[in-house]
Amino acid sequence: MDNTRVNSMLTMPIGKLLRKFTPPAMIAMSANAVLNIFEIIILGIGVGIDAFAALACTFPIIILISAFASLVNTGTASKIAMLYAENNQEQALKTFGNSVILLVSFGALLTAVLEIFLEDILRLCGASDVTLPYALVYMRIMLVSTVVLFSMQSMGRLLHIQGRPKVQMMLQIGGITGNVILSVIFVFVFKWGMKGVALASIMCESVSWILYIKVFSNKKAFLHFTKRGFCVDFSLIKEILSIGVSPFAINACGCVVALMINLSLIEVAGEQRDMYLGSYAIVQRITQVLISLISGLGLAMQIITSINIAKQNYIRVRGVLMQSIFNAFIIMCIGYGFISIFADGLMSIFTTDKQMIEIGATALIIGLCTFPFVGSQMVAVSFFQTIRRPRASMIISLTRQLLFLIPMLVILPHLIGVTGVWWSMALADVASVTISWIMLYTETKKLSL
């Protein structure tokens with residue numbers, strides 16, 4: 001391990017440290033979100049607006065897959081960050097090996113189960129007779145790469161922990177570039193539609209996965225593949241999963257929420273269900289870019305915070321936390337300001353349908369109006385995960401989804417129509433952010449930060 005990297009996290013000015021780690025982390029975390037933007041633009045031109053509604057129906061399934069990935073990846077990253085700070089390479093290699101076993105096992109099992117019940121699940125998620133064929137073709141191909149995607153996400157986070165964010169950034173940029181090029185060829189030249197976009201994704205993911213494997217095969221690196229690491233350690237597996245329970249529950253509830261949004265839109269939109277689902281698919285992908293940027297900030301904060309907590313440097317931890325919250329606020333303010341001003345223009349990038357543009361612009365302006373404050377909530381969740389308080393991070397996210405958002409999705413659309421769906425998101429965020437601030441203040445006082 002390079003002790004210089006650890007020492008820099010303990011001594012370098014906080015602002016400079018965050019500026020060093022945050023941009024690569026943001027790029028890495030937002031890579032898939034940016035790719036999704038390109039994919040939906042390509043599908044809009046090459047297939048049509050029915051493809052948008054089909055993607056909206058796949059969204060709950062994709063979140064469910066992410067839930068199982070986070071169950072392993074969050075615990076692995078948190079554990080290895082601490083071991084990296086302690087220079088405990090032997091235990092880190094065992095953690096890495098056992099996490100790979102878990103990822104392969106969960107990925108294979110999830111792929112098999114989803115494949116068997118895929119058509120029924122898509123129907124449940126709102127697929128109509130028109131959009132079901134598109135959704136089936138897309139998801140059946142995407143499910144093939146579940147194991148690859150799981151392990152890539154894990155190895156990407158671990159590169160950041162080892163102070164190698166630029167390697168991760170270059171791999172992500174290369175993957176996105178290749179994916180966009182292949183998608184254009186498959187959709188516009190070969191006329192493969194949804195199948196072409198999905199095939200481009202799994203081909204580029206496979207190439208990236210091989211490159212990740214090569215990086216982690218370097219025996220000189222702190223983390224690498226070893227035979228001893230793949231010896232199953234049930235106590236270690238239990239520890240990894242116990243940390244990952246919080247983000248798993250959060251994402252699992254996110255799956256339920258995505259399903260509820262689809263069903264609410266279908267119920268109030270009537271015959272225009274596919275129009276509203278398609279608009280929501282575009283809105284979701286624009287929103288995901290902002291969320292992924294704050295996730296990148298949270299990842300950078302976690303890396304720095306983990307090492308300082310291991311060294312009991314609590315004053316510095318407080319500084320990193322406060323600076324991260326401030327940065328999140330600024331990023332979200334700029335992001336929402338841009339989106340609200342150019343909402344119509346952003347929607348017109350994806351479609352020329354005036355009704356869909358109007359629906360999406362309204363959803364962006366209302367649904368994201370609380371995002372300047374949501375950034376601090378996301379940082380709080382990352383912070384609680386870092387200090388091994390998974391219950392606290394779970395409470396923040398679950399209260400937003402279960403206690404506030406789902407009841408509002410049941411009530412508001414019936415009272416004020418489709419805009420009730422968008423207001424449900426905004427009002428749930430207000431309540432959840434307030435709770436996160438109270439919990440964060442209480443927790444930092446306990447830790448004497």
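Of the 449 residues of the protein, 58% count as buried. The model is a predicted one, and its secondary structure consists of 17 helices and zero strands.

**Overall dimensions and contacts**

- Along the principal axes, the C-alpha trace extends over about 60 × 45 × 35 Å.
- Contacts between residues 24 or more positions apart make up 82% of the contacts in the protein that have a separation of 6 or more.

**Surface and charge**

- The side chains include 31 positive and 20 negative ones.
- A distance of 17 Å lies between the centres of the positive and negative sets.

**Cysteines**

- Zero disulfides are present in the structure.
- Cys57 takes part in no disulfide, and the nearest cysteine sulfur, which belongs to Cys125, is 7.0 Å away; a disulfide would require the two sulfur atoms to be within 2.5 Å.
- Cys57 has a relative accessible area of 0% and is therefore buried.
- Cys204 is also buried, because its relative accessible area is 10%, and the cut-off for buried is under 20%.

**Loop residues with positive phi**

- Asn87 is a residue other than glycine with a positive phi, near 60 degrees.
- The position of Asn87 is in the loop that runs between helix H3 (50-86) and helix H4 (89-116).
- With a relative accessible area of 43%, Asn87 is classed as partly exposed, since this class covers values between the 20% limit for buried and the 50% limit for exposed.
- Lys191, likewise a residue other than glycine, has a positive phi near 60 degrees.
- The loop that holds Lys191 lies between helix H8 (165-189) and helix H9 (193-215).
- Lys191 is exposed, because its relative accessible area is 63% and exposed residues are those over 50%.

**Thr226: a buried loop position**

- Thr226 belongs to the loop between H9 and helix H10 (234-269).
- The relative accessibility of Thr226 is 17%, so this residue counts as buried.
- Thr226 and Leu93 are 133 residues apart along the chain, and their C-alpha atoms are separated by 7.3 Å.

**Ala85: a buried helix position**

- Ala85 is part of helix H3.
- Ala85 counts as buried because its relative accessibility is 6%.
- When residues up to four places away in sequence are not counted, Ala85 touches Ile307, Ala310 and Lys311.
- The C-alpha atoms of Ala85 and Asp429 are separated by 35 Å, and these residues are 344 residues apart along the chain.

Terms used:
Residues are numbered from 1 along each chain as its sequence is written. This is a predicted model: local features need pLDDT of at least 70, side-chain atom pairs count only at pLDDT 80 or more; totals for chains, interfaces and linings use all residues. Side-chain values use heavy atoms; hydrogens and water are left out. Helices (H or I, at least four residues) and strands (E, at least two) are DSSP runs, numbered from the N terminus. Buried means under 20% relative accessible area, exposed over 50%, partly exposed in between (1.4 Å probe, protein chains only). Contact means heavy atoms within 4.5 Å. Lys and Arg count as positive and Asp and Glu as negative; His and the chain ends are not counted. The place of a charge is taken as NZ of Lys, CZ of Arg, CG of Asp or CD of Glu.
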